[in-house]
Amino acid sequence: MLKLRCWWQLPGLTACEELFPVGHGSHATPSEIAITQSAYPDHIKQAACEPRIASSGPIREAMDYPPGFPSRIGSDPLLASPTRAPA
């Protein structure tokens, strides 16, 4: 069994929890999107997200992903903005 560990979960990193206490998730997260938006502000797009916060699991194998999840996991990308990028 593998356990997922994302860069924002490393010891000592709390910016994502502080900026996005709800709806951060683990894929297509507001912090990932905010970093990209701050790097490319002229290319920011708007999109509808239904449900607002995506489902987050369980994912045990590759075949669990496509039927039950949108292109994000547990995240609310609408929270992102270029001014909220983690430092």
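How many helices and how many strands does the secondary structure of the chain come to?

1. Overall make-up. The model is predicted. Its chain has three helices and zero strands. Read from the N terminus, the order of elements is α-α-α.

2. Burial and surface. The chain has 87 residues, and 26% of them are buried.

3. Helix α2. This helix covers residues 30-39. Its buried residues are P30, S31, A34 and Q37. Viewed down the axis of α2, they fall within an arc of 120°, so they line one face of the helix. An α-helix has 3.6 residues a turn, so residues three or four places apart point the same way.

4. What α2 packs against. The partner of the buried residues of α2 is α1, residues 15-19.

5. Residue S81. Where does S81 sit? S81 is in the segment after α3, and α3 itself spans 65-68. Is S81 buried or exposed? S81 counts as buried because its relative accessible area is 19%, and buried means under 20%.

6. Contacts of S81. Set aside the neighbours within four places in sequence. S81 is then in contact with A34 and Q37. Both A34 and Q37 are among the buried residues of α2.

Key:
Residues are numbered from 1 along each chain as its sequence is written. This is a predicted model: local features need pLDDT of at least 70, side-chain atom pairs count only at pLDDT 80 or more; totals for chains, interfaces and linings use all residues. Side-chain values use heavy atoms; hydrogens and water are left out. Buried means under 20% relative accessible area, exposed over 50%, partly exposed in between (1.4 Å probe, protein chains only). Helices (H or I, at least four residues) and strands (E, at least two) are DSSP runs, numbered from the N terminus. The arc is that of the directions from the helix axis to the C-beta atoms. Contact means heavy atoms within 4.5 Å.
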